Amino acid sequence: MSAASTETSAPLPTVGSRVFFQGAPAVGCVGTGPITGDDPVQRRQGKVTVKYDRKELRKRLVLEEWIIEQLSELYDCEEEEMPEVEIDIDELLDVTSDDERATKLQVSLIDCYKPTGDFVRDLLARIRGMRKLSAPTKKGL
């Protein structure tokens with residue numbers, strides 16, 4: 001056992017309900033002090049996970065990947081070659097009726113030569129029950 005692994009230091013500061021660990025001295029790591037609450041990256045990460053529900057973010061990511069896959073099939077091309085198609089999920093969620101949502105989607109897909117009805121129907125079914133994600137606020141930063 002080395003002396004570095006058995007040494008302890010004074011109690012470490014906590015910020016809010018977080019506990020930070022201090023690396024052992026002389027281990028050769030850069031920045032072996034306690035992480036302070038002044039680090040904006042640390043604070044932003046904490047705010048993001050509180051602001052957005054992780055489950056909702058995961059659903060949104062899965063939906064976006066599905067949309068890209070479907071669009072690449074509709075346009076018969078890879079994502080990089082795909083024409084500029086903008087499908088804003090939050091904008092669709094703002095619209096009150098499925099008919100209006102379908103119309104917005106059909107306008108976005110006007111350049112597609114394949115039938116888009118199945119895609120529109122499936123997308124509307126997938127967004128049913130989803131919540132709109134609002135932009136994170138900058139309070140307290």
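Tutor: Helices are DSSP runs of H or I with at least four residues, numbered from the N terminus. The model is predicted, with pLDDT of at least 70 needed for local features and 80 or more for side-chain atom pairs, while totals for chains, interfaces and linings use all residues. Residues are numbered from 1 along each chain as its sequence is written, and side-chain values use heavy atoms, leaving out hydrogens and water.

Student: Within what arc do the buried residues of helix 3 fall, seen down its axis?

Tutor: The buried residues of helix 3 include Leu63, Trp66, Ile67 and Leu71. The arc is taken from the directions from the helix axis to the C-beta atoms. Seen down the axis, the buried residues line one face of helix 3, because they fall within an arc of 135°.

Student: Which helices are included in what covers the buried residues of helix 3?

Tutor: Leu123 touches Leu63, Trp66 and Ile67, among others, not counting residues up to four places away in sequence, where contact means heavy atoms within 4.5 Å. The cover over the buried residues of helix 3 includes helix 4 and helix 6.

Student: Is Asp53 buried, partly exposed or exposed?

Tutor: Asp53 lies in the loop between helix 2 (40–51) and helix 3. Because its relative accessibility is 39%, Asp53 counts as partly exposed.

Technical notes:
Helices (H or I, at least four residues) and strands (E, at least two) are DSSP runs, numbered from the N terminus. Buried means under 20% relative accessible area, exposed over 50%, partly exposed in between (1.4 Å probe, protein chains only).
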